[in-house]
Amino acid sequence: MFKKVFVCFALLSAICCLHTIPVSAQTTPLAETELYSEIDAYLRSCVEDAHIPSLSVTIVDQDTLLFSQSYGDCENSDTPFLLGSVSKSFTAVCIMQLVEKGKIELNAPISAYLPHTTDGDRITVRQLLNHTSGLGEHQTLANYRIVNEQGTHHYANVNYSLLGEIIETVSGSSYDAYLTENVLEPLQLSHTAATLDKSLKNGLIDGYINYWGIHVKKRHSYPSSKNAWITVPAGYLSASTNDLGTYLQMYLNGGNDILSKQSIDTMFYGDTVYVDGDVPYRYGYGWTEINEPLSEPVLRHAGLVETGTSCVYILPESNLAVAIAANVNDYFVTNDMMDSLGWGVILMLLGSPPNEITATAYLWNHLWIDLLLFAVWIAAILPLCLLPKYRKNTERSKRLWVILRLLSFHVVLPVFLLLFVPLFFATPLWVARNFVPDVFITVVLSSTLLFAGGLVKGALLYQQIKRAKT
């Protein structure tokens with residue numbers, strides 16, 4: 001959801017792949033065994049090219065584990081990863097459980113459960129679930145309010161942060177306690193957690209973030225308060241792909257006594273909102289439904305945190321589900337490759353050729369991005385290197401022209417760099433700082449250097465003017 005924010009720096013979006021090793025279930029027919037061997041070969045060829053440190057993939061039908069493998073530094077498919085927004089469907093399940101128990105009404109204003117909420121009389125629980133509340137994309141529990149048209153889809157993490165608050169208020173338990181007792185333990189999801197301590201105890205895998213094409217290990221970010229932009233109910237559950245496979249089987253089996261089939265249908269289809277885009281989809285309760293140009297509908301939700309990505313898919317007509325997780329966030333390149341890889345697996349399951357991924361895509365895409373960022377660095381550093389020449393030029397040039405160039409290059413340009421993302425894409429720079437740190441560093445330090453160069457040039461110009469007067 002940050003993609004459009006950084007198009008100006010990237011020029012290219014990447015198409016790439018991933019790396020894997022196969023395991024097929026007992027009694028799997030020969031044709032399916034061959035299919036999963038092909039999927040494994042496809043994944044294996046992609047992981048190395050995409051430079052993914054660790055990857056885990058699980059494929060299930062309603063009864064059977066069909067494929068479960070890990071790659072890179074991941075020991076096995078019981079290793080937990082941070083899920084990002086895949087967490088939202090778990091939160092939606094908790095809400096629907098409380099709806100079934102008569103403790104929550106979907107059409108009720110959220111003020112019925114959170115009496116002191118801002119605009120609480122104007123927002124319903126249903127609107128939080130499908131992101132039609134009108135709340136802003138970058139708002140938190142500390143500053144949320146209606147800023148968009150209600151009834152239309154505006155994705156905002158704060159919607160699910162509020163749902164987490166409702167779960168706690170209505171149930172009288174913490175979000176972690178309610179989720180554990182009512183979802184994780186009944187499904188025996190022993191490698192899934194809603195706190196950092198439990199995640200680490202379960203063996204949470206290390207995460208990586210990308211700096212100028214190089215993956216660097218980074219300590220996991222985790223919300224330290226309920227006022228964080230992405231809270232636990234909105235994006236910080238951890239789970240292994242094998243646990244996700246079991247979780248997805250719950251949907252394929254009509255609820256497994258966790259939810260009713262009616263509630264699942266409501267989550268998937270009953271209250272969806274149309275979202276236009278390159279590939280249009282409909283957003284339900286923590287799930288999207290995509291139809292064209294696929295041969296059958298696919299339910300999906302992706303997740304992104306500072307140090308990893310994940311995605312889950314359900315193919316209701318084929319009675320299959322897929323869970324994929326990686327421990328790296330490389331916003332412009334590897335993340336696109338992960339998306340391409342996930343759809344590649346789905347296409348293979350549907351009997352179509354997978355997305356083609358070239359061995360050089362990672363290098364070439366990062367090369368173009370790095371050249372663009374390098375050009376910004378050069379523009380910032382060069383004026384400081386050319387200060388002696390500037391001193392001579394100012395003595396020969398017209399003063400008005402010197403002042404205009406000074407203001408344009410050392411005031412207008414750095415201000416433009418700093419404000420381009422917030423003004424043109426309504427996205428604060430801290431989003432770039434957390435998710436695309438090389439872009440953030442380039443913009444902020446380059447702007448600082450440009451301002452500093454302008455101060456030095458201004459001081460030199462002032463001295464010349466003063467000498468001319470004397």
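Reply: Happy to; we will begin with the sheet, then turn to its strands, the helix across it, the core and the aromatic rings.

Please keep in mind that this is a predicted model. The sheet is an open one, built from eight strands in the order β2-β1-β12-β11-β10-β9-β8-β7, with antiparallel pairing. At its edges stand β2 (65-72) and β7 (273-275); each has a single partner strand, so one side of each is left without a neighbour in the sheet. On average, neighbouring strands of this sheet are turned by 20° against each other, direction ignored. As background, strands of a sheet pair through backbone hydrogen bonds, either parallel or antiparallel.

How many of the residues of β12 are buried? Seven of its seven residues are, so the strand is mostly covered. In a regular strand the side chains alternate between the two faces of the sheet. In β12, L320, V322, I324 and A326 are buried on one side, and A321, A323 and A325 are buried on the other, which leaves both faces covered.

Further along the sheet, β9 (residues 288-290) and β10 (residues 298-305) run antiparallel and are joined by three bridges. Within this part, I290 stands opposite V298 in β10.

Now for the helix that crosses these strands. Helix α11 (residues 334-349) lies across β1 (54-61), β9, β10, β11 (308-315) and β12 (320-326), and runs at about 160° to β12.

In soluble globular proteins, nonpolar side chains tend to be buried together. The largest nonpolar core here has 126 residues, and those with the most contacts inside it are L55, I59, F90, V125, I166, Y251 and M267. Its largest share, nine residues, comes from α11. There is also a second, separate core of six residues, which includes Y390, V402, L406 and L460.

Let us look at M267, one of the residues with the most contacts inside the largest core. Not counting residues up to four places away in sequence, M267 touches S89, A92, V93, M96, Y251, L259, G284, Y285 and W287.

By the rule used here, the count comes to 14 aromatic pairs. A pair of aromatic rings is described by the distance of the centres and the angle of the planes. F268 lies in helix α10 (residues 261-270) and W287 in the loop between β8 (281-283) and β9, so the pair ties together parts that are 19 residues apart in sequence. Are F268 and W287 buried or exposed? Both are buried. Ring pairs also link F90, Y247, Y251, F268, Y269 and W287 into a cluster.

Y211 and W212 sit in another setting. Y211 is partly exposed, with a relative accessible area of 25%, and W212 is partly exposed at 31%. In β5, I214 is the bridge partner of Y211. Strands β4 (residues 207-211) and β5 (residues 214-218) pair in the antiparallel sense over five bridges. Their hairpin has two residues between the strands, and W212 takes a positive phi near 55° there. Strand β4 is mostly covered, with four of its five residues buried. β4 also pairs with β13 (residues 328-329), in the parallel sense and over two bridges, where I209 stands opposite N329 in β13.

Key
Residues are numbered from 1 along each chain as its sequence is written. This is a predicted model: local features need pLDDT of at least 70, side-chain atom pairs count only at pLDDT 80 or more; totals for chains, interfaces and linings use all residues. Side-chain values use heavy atoms; hydrogens and water are left out. Two strands pair if DSSP finds at least two bridges between them. Axes are lines fitted to C-alpha atoms, for helices over the stretch in contact, and angles run from 0 to 180 degrees between N-to-C directions. Contact means heavy atoms within 4.5 Å. Rings of Phe, Tyr and Trp (its six-membered ring) pair if their centres lie within 6.5 Å; planes under 30 degrees apart count as stacked, over 60 as edge-to-face and the rest as tilted. Buried means under 20% relative accessible area, exposed over 50%, partly exposed in between (1.4 Å probe, protein chains only). A nonpolar core is a set of buried Ala, Val, Leu, Ile, Met, Phe, Trp, Tyr and Cys residues joined through side-chain atoms within 4.5 Å.
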